Amino acid sequence: MNQAQAILKALEQVCGSTSPDKPISLHEPNFGGTQAWEYVHDCLDSGWVSTAGQWVSRFEQELCALTGAAHTIAVTNGTVALRLALHLVGVQAGDEVLLPPLSFVATANAVAHLGAIPHFVDIEAGCLGMDPKALAERLESVAEQRDGVLSNRVTGRRLAAVLPVHVFGHPALIEELRAVAEAWELPLIEDATEALASWRNGTHCGLFGDVGTLSFNGNKLITTGGGGALLTNSAELAQGARHLSTTAKLPHPWEFEHDAVGWNDRLPNLNAALGVAQLEDLGRRLTAKRKLADCYAAAFEDLPGVELVDEPQGCRSNHWLMSLRFLDENPSEAQAQRLQVLEAAHAEGLLLRPVWKLLSQLPMYSQAPRGNLATAEDEASRLLNLPSSPQLLEGWNR
Ligand SMILES: *Cc1c(COP(=O)(O)O)cnc(C)c1O
């Protein structure tokens, strides 16, 4: 049996037998065992289906209770949450925002939506997040104070924020990253869209910096159909987020008075009802995902040439997306092995995906400033994401 066949066998050991007409995706939404129907029913009966209502308030309160955030603002999706967070800490058109290249495209898009420019900083392989050393080195080599403005000495543009990502639900080295951001007095926004219920040293991801962002897209740990949220401990930033996400309207019983160019970003009540139902089931999902990760670890334990990406030290990961790393020293050989598994798995209806193509290599960001990205480039050719839905676990009541 060759390596690809052995890996496929291990996958089937965990996911059960598969077939092309019943394909298994990486992460599938699931409302089984929840009160989703009742809550949506209540929402329709009440007539409050749009951007205000009790389900929105309840969803926000429950997110605060879960994460420990002082404030949560529910919005239409994670990309919008990122764009709003960056805007709130002062990112403007023509600024640069430091972020890792190994992420979903939305991280860079949110920067570009404001007219700002992504500036790529390498990752470290332990947590797959931005490398604090690479961030410090990059800032030392390109940052300078110009008339009291922290600027990139090469491009002349202002350096406006640091935006690390907690990849696949694994907390990045966020305390070290925060220390670097603080040393340069740069705002810190966390892309915690994959990291609901992920913790480092007792703090929830998204609460280390100024603002953190969550996503409730269909493929995330819990879903509202589409949705996102901002987490912050700052009353001022929370107030700004609420105001700007509701067209910057001043409170008044009848007047249409707006004091800024705002957005229409608030999460509809209908979606929030789904969110409350899913949050109530979160504990069961987390337990199932942890068990699924253990099953994968056991299935791959004795296979040479691959390893399961582990929960980083000192963390509690939500295990949102599980991934396999091909260990061959030569990255192109690792990539070739990965391709063989992808082909064999897709033929069986197991819809594995390679990790994202690096943002720094996408056409719209290929000219963006960057440091040395050696680790990100290496990891990008080795990682393969595995089906990770909690309902894959045997005995899960769907
Ligand atoms: C899902 C995701 C987003 C965007 O969230 P949406 O709700 O899909 O807009 C941003 N960054 C990362 C890393 C994500 O995985």
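Predicted model: local features only at pLDDT ≥ 70, side-chain atom pairs only at ≥ 80, totals over all residues.
Figure 1. Domain 1 is made up of residues 3-30 together with 282-392, and domain 2 spans residues 36-280. Across the boundary, 44 residues of domain 1 are in contact with 49 residues of domain 2.

**Figure 2. The largest pocket, situated between the domains.** Because domain 1 and domain 2 both give residues to its lining, the largest pocket lies between them. Its volume is about 610 Å³. The lining comprises 30 residues, of which Phe104, Asn219, Lys220, Trp320 and Trp356 are the closest to the centre of the pocket.

**Figure 3. Composition of the lining of the largest pocket.** Two or more residues of the lining come from each of α4 (78-88), α5 and β15 (353-354). Helix α4 gives the most, with three residues. By residue class, the lining of the largest pocket holds twelve nonpolar, 14 polar and four charged residues.

**Figure 4. The open three-stranded sheet β3-β2-β6.** The three strands follow the order β3-β2-β6, and their pairing is parallel. At the edges stand β3 (117-120) and β6 (159-162), each of which pairs on one side only. Neighbouring strands of this sheet are turned against each other by 35° on average, with direction ignored.

**Figure 5. The pairing of β2 with β3, and the helix across them.** Strand β2 (residues 96-99) runs parallel to β3 and is joined to it by four bridges. Helix α5 (residues 106-113) lies across both β2 and β3, and its direction is at about 170° to β2. Helix α5 is also among the elements that give two or more residues to the lining of the largest pocket.

**Figure 6. The open three-stranded sheet β9-β8-β13.** In this sheet the strand order is β9-β8-β13 and the pairing is antiparallel. Strands β9 (203-204) and β13 (315-316) each have a single partner strand, so one side of each is left without a neighbour in the sheet. Strand β8 (residues 199-200) pairs with β9 in the antiparallel sense over two bridges. Arg200 stands opposite Thr203 in β9.

Methods
Residues numbered from 1 in each chain as written. Heavy atoms only, no water. Pairing = 2+ DSSP bridges. Axes fitted to C-alpha atoms, helices over the stretch in contact; angles between N-to-C directions. Contact = heavy atoms within 4.5 Å. 1 Å grid on protein atoms, 1.4 Å probe; cavity = no way out; pocket = protein on both sides within 12 Å on 5 of 7 lines; lining within 4 Å. Points joined across faces, edges and corners; volume = space filled by probe spheres on them. Nonpolar A, V, L, I, M, F, W, Y, C, P; charged D, E, K, R; others polar. Domains from an automatic or database assignment.
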